[in-house]
Amino acid sequence: MTSRRTILQLCGAALALGAVPFRAVAAAVADATQKALGKSDTIYITPLKKSGAESTCHAEVWFTYDGSDIYVVTSSKAWRARAVSLGLTARMWVGEFGEWKDSKEAYRKAPQITATGTLITDAAVQAQILDRFGKKYYVQWIGWGPKFRNGLKDGSRVMLRYTPASA
């Protein structure tokens with residue numbers, strides 16, 4: 001049986017944690033993960049069901065990282081976009097292991113992040129993030145840049161921001 005004292009202690013801890021700015025919590029991503037995010041061209045991502053179990057949907061995707069949030073551009077019909085619209089969190093692994101199906105789950109040994117996704121619709125923010133993609137993937141961006149930009153304009157693509165919840 002949970003005592004009144006335990007409940008009060010938990011409430012006090014929750015209030016204290018709430019006083020910490022969310023960005024400070026997000027910035028607490030482990031050093032190894034920060035380094036991996038700075039070097040890697042891909043992240044491996046899967047949504048987490050409400051039960052906390054991983055979805056069967058996995059993918060390796062391009063991303064950009066601004067020091068606190070991870071940005072992805074994807075098809076508006078992709079499961080990633082749907083998972084964000086449903087409020088599901090995501091599990092991510094940072095590294096290079098080829099296509100996830102062929103990786104023999106090697107990505108599972110990479111630095112891991114759990115994150116909450118949001119849809120980014122502000123055109124100015126999208127433009128800034130697309131510029132980051134262009135710098136990171138400069139060779140591929142010649143072909144993919146217009147596809148990303150035009151897709152965001154016509155609604156066939158969406159931009160997702162993932163804010164790490166834990167290291």
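**Close-up 1. Residues at the contact of H5 with H6.** In H5, Gln126, Leu130, Asp131, Phe133 and Gly134 meet Trp141, Phe148, Arg149 and Leu152 of H6. By residue class, this contact divides into five nonpolar, two polar and two charged residues. The model shown here and in the following views is predicted.

**Close-up 2. Axes of H5 and H6.** Two packed helices are described by the angle between their axes and the distance between the axes. Helix H5 spans residues 123-136, and its axis comes within 10 Å of that of H6, with a crossing at roughly 165 degrees. H5 is therefore roughly antiparallel to H6, since angles over 145 degrees count as such. The crossing of the two helices, H5 and H6, is right-handed.

**Close-up 3. Lining of the largest pocket.** The volume of the largest pocket is about 260 Å³. Its lining consists of Thr42, Glu60, Val61, Trp62, Val72, Val73, Thr74, Ser75, Arg80, Trp144, Phe148 and Arg157. Six of these residues are nonpolar, three are polar and three are charged. Phe148 of this lining is also one of the H6 residues that meet H5.

**Close-up 4. Elements around the largest pocket.** At least two lining residues come from each of strand E2 (59-62), strand E4 (70-75) and helix H6 (141-154). Strand E4 gives the most to the lining of the largest pocket, with four residues.

Close-up 5. Rolling a probe the size of a water molecule over the atoms shows where empty space is left. One cavity of 30 Å³ or more is present in the structure. The largest cavity has a volume of about 50 Å³, and its lining is made up of Ile45, Thr46, Pro47, Trp79, Arg80, Ala83, Val84, Leu88, Thr89, Ala90 and Tyr162. Two or more of the lining residues are given by each of strand E1 (42-47), helix H4 (79-85) and strand E5 (89-94). Helix H4 gives the most to the lining of the largest cavity, with four residues. The cavity lining divides into eight nonpolar residues, two polar and one charged. Arg80 lines the largest cavity and also the largest pocket.

Notes. Residues are numbered from 1 along each chain as its sequence is written. This is a predicted model: local features need pLDDT of at least 70, side-chain atom pairs count only at pLDDT 80 or more; totals for chains, interfaces and linings use all residues. Side-chain values use heavy atoms; hydrogens and water are left out. On a 1 Å grid over the protein atoms alone, a cavity is a set of points where a 1.4 Å probe fits but cannot get out, and a pocket is an open set with protein on both sides within 12 Å along at least five of seven lines; lining residues have an atom within 4 Å of a point. Grid points are joined across faces, edges and corners, and a volume is the space filled by probe spheres set on the points. Ala, Val, Leu, Ile, Met, Phe, Trp, Tyr, Cys and Pro count as nonpolar, Asp, Glu, Lys and Arg as charged, and the others, Gly among them, as polar. Axes are lines fitted to C-alpha atoms, for helices over the stretch in contact, and angles run from 0 to 180 degrees between N-to-C directions. Angles under 35 degrees count as roughly parallel, over 145 as roughly antiparallel, 65 to 115 as roughly perpendicular and the rest as oblique. A crossing is left-handed if the near helix is turned anticlockwise from the far one by less than a right angle, and right-handed if clockwise. Contact means heavy atoms within 4.5 Å.
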